[in-house]
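These notes are meant for a colleague who is opening this structure for the first time. Please read them with the sequence and the model side by side.

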Amino acid sequence: MLQTEQKEYKSLLASRKLIVILLLLLTIIPYFSFISIIAFKPSIFGQLIDGYSLSIGVALGFILILHIFFITFLYVFFANWKIEPMVNKLKK
Amino acid sequence: MNIIAILMFVVFVGFTLYITYWASKKTQNAKNFYTAGGNITGFQNGLAISGDFMSAASFLGISGLVFLTGFDGLIYSIGFLVGWPIILLLIAEPLRNLGKFSFADVASFRLNQKPIRILAACGSLFTVILYLIAQMVGAGKLIELLFGLPYFIAVMTVGGLMVLYVAFGGMLATTWVQIIKAVLLLSGATLIAILVLLQFDFSLNTFFNAAINIHPKGEAILAPGGLISDPISAISLGLALMFGTAGLPHILMRFFTVKDAIQARKSVVYATGFIGYFYILTFIIGFGAIILVSQNMSYLNESGDLIGNSNMAAIHLAHAVGGDLLLGFISAVAFATILAVVSGLTLAGASAISHDLYANVFNHKKINEKKEMQVSKIATIALGLLAIFLGIIFESQNVAFMVGLAFAIAASTNFPILLLSIYWKNLTTKGAVIGGSAGLLTAIILVILGPVVWVDVFKNSQPIFPYKYPALFSMSVTFLGIWFFSMIDKSKDAQLVRSKFNSQFFRSQTGIGIDKAIKH
């Protein structure tokens, strides 16, 4: 590969690495925290939110579902914005 | 027996058979059979993939679990959802960039073909067959309940139809059957949820309040129940669900039906969105059933339990809010759901036999497409017969553990091999084969020795292995095994394999070098 191609490829890999590791952590940490609370201190999730018939657990569960979807959306947004132009440069 | 349901189901089956006929005209070569021509859009694929996850088991099973215990259903829902970011971030694009028809293509890309293909095919077949048995048994019981058909006729009908879809229509037919069913299921479930919430003026507060007041456990249903009771089980189940999704062959297969990595990415976002929305719906439906079904005498039998069992909660709710019409529609959709999922599973299994084992292992890669196609149709019929046979044998068994075991195998065998072959330079064929096989055996043995099989099925008093979920241990065995046996491997094959890594990685990250898709 040419010098310029080398540099472009390396920066592509670096960008990918950054976003992938970041989003992986943003997926794994919330999920396993959620699971751990259920395993170790489920009563936290059982508490009702003041004045409502909704528990912290159910509320956080719904939020986690939305969060997971949002992660996938974030990745595609980033990929189309940053990654694809780099790939197209390499294709030339 | 419900005339409306039967009518709708006949219409659905007729329509899907017509699609199969249409697809069969276009499915004359291997590329179309395995990947539907390669031009499925990200949106269509997302719908099809979500269809695989919105099975009868999740629709009826999870809403049934919510009906019984409330919050715990959410634990499974989130578990089934969390695997998707993992696939998106690590697997989807490299898979599409490196592979042609099956995930074994990718796993064996730079490694020695034969042993890896055999292992990957075994991992796939185990996963597929376990999943199939669970689906067939569930299907038989459900149809027995909904349409009054005898169990073995129900199983034979499902088996027969799925063989037709797959043998004649291949991936094209199964994809479109999934898409149609996904649209029907999402619409039906949305309708039920809307009709339920309408009765509470769409106030979630009033809604949950009513449920708390009716359910015998009161406020406790909004809290975790006994599903996850100790940290090891929690982590093990979490690992199996999170990484097992990335090792399910019938899911991975769908990534080859799209044109390129961009569409592969989009597929996952759409799928995650649909599945997430669906699981929120099942939660609402479960609670709706608590309020509108659990106290209604017409849905209960003499002992006060739900007619059928908790799996019927969503079906009864459909009747409660929408009468016979909605009941008929949802029953037909539940049946459609079963058919779509087992078809996808059968296609994945047939592909493992014809593409991985026959074409690449036994035939030393002398690619004769016509022969491969013939083998895939024979494999489809064989798998269909096997599924019917096993479905009938396992009628009275509790087969829920089989899905868990399928996920554990997917997480401990398929996923690690796939992940490491894409990302780890020092992987060698020996390492992958020894480590992967060890993980596969570990998962199977630990489940057999565990509480579900050793105690519940074999009727012993104490399980030898105390945990229900083996993933933590079997995954560790696989990763350690692969790492160790790769590092000590100094053979010529090992050097060759490592030298190919850089070019493989380049292609996996950029897509430069992949097949051109066929327009369809």
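Two residues are taken to be in contact if their C-beta atoms, placed from the backbone, lie within 7 Å.

1. The model is predicted, and the points below should be read with that in mind.

2. The loop between α8 and α9 of chain B holds Asp201(B), which has a positive phi of about 55 degrees although it is not a glycine. Is Asp201(B) buried or exposed? Asp201(B) is exposed, because 8 other C-beta atoms lie within 10 Å, and the cut-off for that class is 12 or fewer.

3. The phi of Ala36(B) is near 55 degrees, a positive value in a residue other than glycine. Ala36(B) counts as buried, because it has 29 C-beta neighbours inside 10 Å.

4. Two packed helices are described by the angle between their axes and the distance between the axes. In chain B, helix α8 (residues 151-198) and helix α14 (residues 369-393) pack at an angle of about 165 degrees, with their axes 9 Å apart. Angles over 145 degrees count as roughly antiparallel, and α8(B) is therefore roughly antiparallel to α14(B). The contact draws on residues of α8(B) including Phe152(B), Val155(B) and Met156(B), and on residues of α14(B) including Lys377(B), Thr380(B) and Ile381(B). By class, the residues of this contact between α8(B) and α14(B) divide into eleven nonpolar, four polar and one charged. The crossing in which α8(B) passes α14(B) is right-handed.

5. How do helix α5 (residues 72-98) and helix α10 (residues 231-244) of chain B meet, and at roughly what angle do they cross? Their axes come within 6 Å and cross at roughly 50 degrees, and α5(B) and α10(B) are therefore oblique to each other. Their crossing is right-handed. On the side of α5(B) the contact is made by Gly79(B), Phe80(B), Val82(B), Gly83(B) and Ile86(B), while the residues from α10(B) include Leu237(B), Gly238(B) and Leu241(B). The residues of the contact of α5(B) with α10(B) divide into seven nonpolar, four polar and no charged.

6. Ala352(B) has its place in helix α13 (residues 313-362) of chain B, and it counts as buried because it has 28 C-beta neighbours inside 10 Å. Leaving aside neighbours within four places in sequence, the contacts of Ala352(B) are Ser102(B), Ala121(B), Ser124(B), Leu125(B), Pro249(B) and Leu357(B).

7. Turning to the two chains together, 41 residues of chain A are in contact with 41 residues of chain B. On the side of chain A that touches chain B, the elements giving two or more residues are α1 (3-40), α2 (42-46) and α3 (56-91) of chain A, and α3(A) gives the most, with 18 residues. The residues of that side of chain A divide into 30 nonpolar, eight polar and three charged.

Note on methods
Residues numbered from 1 in each chain as written. Chains lettered and ligands numbered in written order. Predicted model: local features only at pLDDT ≥ 70, side-chain atom pairs only at ≥ 80, totals over all residues. Axes fitted to C-alpha atoms, helices over the stretch in contact; angles between N-to-C directions. Helix = DSSP H or I, 4+ residues; strand = E, 2+ residues; numbered from the N terminus. Parallel < 35°, antiparallel > 145°, perpendicular 65-115°, else oblique. Left-handed = near helix turned anticlockwise from the far one by under 90°. Nonpolar A, V, L, I, M, F, W, Y, C, P; charged D, E, K, R; others polar. Buried ≥ 20, exposed ≤ 12 C-beta atoms within 10 Å, placed from the backbone.
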